[in-house]
Amino acid sequence: MAMACTEEDLSVCEKGIKLQYRYVLNSENTNLFGSEVGRVEAYVFDGNGLYVNTYAEQGAHLTNDYVMYLPLPAGYYSVVAWAYEEDGSSYDHGTQFDPETRTFGQDLQPGVTSLEDFRLMLLHNEAASPEVRAVELDEEPRFLVSERPEALLYGLAMELTSQVNPPVHRADMTKNTSRINVIIEGLEAFGSDLPSDFPLVYLTARDGLYDYRNSIPDDARRLAYAPYVRNKVSVDRLETETTVMRLMTAANAAGPTTLTVVDIDTGMVFYETDVVEALMNLKDGSGNFPYKTQQDLDREDEFTFLIDISADTGVEVWINGWEVKQITPEL
């Protein structure tokens with residue numbers, strides 16, 4: 001007996017694709033899609049790699065069991081999926097930057113926009129603000145990210161066939177954001193009447209722009225990430241929180257993600273490191289390397305740097321509780 005079409009399930013009588021999203025590459029090793037996602041968007045491209053349509057869902061029904069139905073004519077399709085902690089307002093979608101005007105193309109045109117040109121971009125300011133004077137330290141422009149980017153997940157499903165009563169395809173997702181906590185201790189050694197921005201903590205990276213492969217294209221800008229939390233919890237201790245985009249190994253990145261702790265008035269750099277390099281060289285209490293691969297970095301979405309700047313012999317650093325070799329400040 002033929003199944004009847006219903007508003008709840010049109011897939012039994014018209015062609016389409018079904019997608020179920022899964023996010024298991026995390027420190028809990030379980031599917032966290034339902035608990036971490038408030039909105040998901042599916043960008044559909046046809047067999048010729050041309051844009052077709054965008055399908056989006058938002059709300060409490062986005063559980064681990066949620067299946068997205070995409071009504072599509074017969075054919076082969078690729079789906080680029082982006083999922084957000086909230087509503088996706090930290091990001092924009094469009095095409096690559098115009099090389100002459102350096103403007104981001106925001107219109108996706110069916111039958112015109114190609115999969116190769118498709119981009120997701122983290123929204124950022126076009127100029128520096130007073131709280132991050134780090135942009136004045138060198139001549140290369142940096143575009144300021146001063147607000148917390150909401151958590152972002154990426155997925156890709158390719159060569160899907162649209163059909164009546166389609167099977168459920170799975171799209172595994174990767175988190176594209178990491179929280180960097182930086183705790184500074186030893187402030188009291190520099191006096192009790194310190195400027196409010198002492199020391200300045202910021203991160204820089206050439207990222208915030210992703211193509212359909214979740215790779216960083218050549219037109220990505222250099223961004224300066226300012227802490228969205230900066231609490232001086234005592235005369236001796238400062239705590240900051242900064243969210244940056246996906247930490248990527250040298251083979252995948254467009255350049256390093258650099259953490260800098262500096263006295264902006266004197267130019268003394270207390271600590272500066274390539275975050276990924278520091279993580280990949282880090283040893284745990286058993287002498288093992290916990291972050292050896294891109295997958296290891298993707299599995300962890302929060303890293304804490306504890307930096308003691310009070311020692312006369314050098315700066316002492318711990319990452320996620322494991323000690324790093326002593327570092328001498330640059331004068």
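Predicted model: local features only at pLDDT ≥ 70, side-chain atom pairs only at ≥ 80, totals over all residues.
**Overall make-up**

The protein contains 22 strands and three helices. Its length is 331 residues, of which 48% count as buried. Among contacts with a sequence separation of 6 or more, 67% are between residues 24 or more positions apart.

**Nonpolar cores**

The largest nonpolar core is made up of 58 residues. Within this core, the residues with the most contacts are Tyr43, Val80, Trp82, Ile184, Tyr225, Phe305 and Ile307. For Ile307, the contacts beyond four places in sequence include Val182, Ile183, Ile184 and Glu185. The list for Ile307 also holds Val261 and Tyr271, together with Val315, Glu316 and Val317. Another core of 25 residues lies apart from the largest one, and Ile17, Ala42, Tyr77 and Ala157 are among its members.

**The cavity**

One cavity of 30 Å³ or more was found. The largest cavity has a volume of about 50 Å³. Its lining consists of Lys175, Asn176, Thr177, Ser178, Arg246, Leu247, Leu297, Asp298, Glu300 and Asp301. Strand S12 (177–185) and helix H3 (294–299) are the elements that give two or more residues to this lining. By class, five of the lining residues of the largest cavity are charged, three are polar and two are nonpolar.

Glu41 sits in strand S2, which covers residues 39–46. Glu41 has a relative accessible area of 7%, and therefore counts as buried under the 20% limit.

Thr243 belongs to strand S17 (residues 237–245). At 8% relative accessibility, Thr243 is buried. A polar contact of 3.1 Å links its side chain to that of Tyr228. Leaving out residues up to four places away, Thr243 touches Arg148, Pro149, Thr177, Ser178, Arg179, Tyr225 and Tyr228.

Thr258 is placed in strand S18 (residues 258–262). The relative accessibility of Thr258 is 17%, so it counts as buried under the 20% limit. Beyond four places in sequence, Thr258 touches Tyr202, Leu203, Thr204, Glu272, Thr273 and Val275.

**A partly exposed loop residue**

Asn320 lies in the loop between strand S21 (315–319) and strand S22 (322–327). With 25% relative accessibility, Asn320 counts as partly exposed. Beyond four places in sequence, Asn320 is in contact with Tyr291, Glu302, Phe303 and Thr304. Its side chain reaches the backbone nitrogen of Thr304 at 2.7 Å. Asn320 and Leu282 are 38 residues apart in sequence and 9.7 Å apart in space, C-alpha to C-alpha.

| Side chain | Partner side chain | Distance |
|---|---|---|
| Thr243 | Tyr228 | 3.1 Å |
| Asn320 | Tyr291 | 3.0 Å |

**Backbone geometry**

Most residues other than glycine have a negative phi, and most peptide bonds are trans. Asn29 has a positive phi of about 55 degrees although it is not a glycine. Asn29 is found in the loop between strand S1 (16–22) and helix H1 (33–36), and at 54% relative accessibility Asn29 counts as exposed.

Asn165 also has a positive phi, of about 50 degrees. The loop that holds Asn165 runs between strand S10 (152–162) and strand S11 (168–175). Asn165 is partly exposed, with a relative accessible area of 45%.

The peptide bond from Phe198 to Pro199 is cis, with omega near -15 degrees. Pro199 is located in the loop between S12 and strand S13 (200–206).

Technical notes: Residues numbered from 1 in each chain as written. Heavy atoms only, no water. Helix = DSSP H or I, 4+ residues; strand = E, 2+ residues; numbered from the N terminus. Buried < 20%, exposed > 50% of the residue type's maximum accessible area, 1.4 Å probe, protein only. 1 Å grid on protein atoms, 1.4 Å probe; cavity = no way out; pocket = protein on both sides within 12 Å on 5 of 7 lines; lining within 4 Å. Points joined across faces, edges and corners; volume = space filled by probe spheres on them. Nonpolar A, V, L, I, M, F, W, Y, C, P; charged D, E, K, R; others polar. Core = buried A, V, L, I, M, F, W, Y, C linked by side-chain atoms within 4.5 Å. Contact = heavy atoms within 4.5 Å. Polar contact = N/O pair within 3.5 Å; in protein donor to acceptor, adjacent residues only side chain to side chain.
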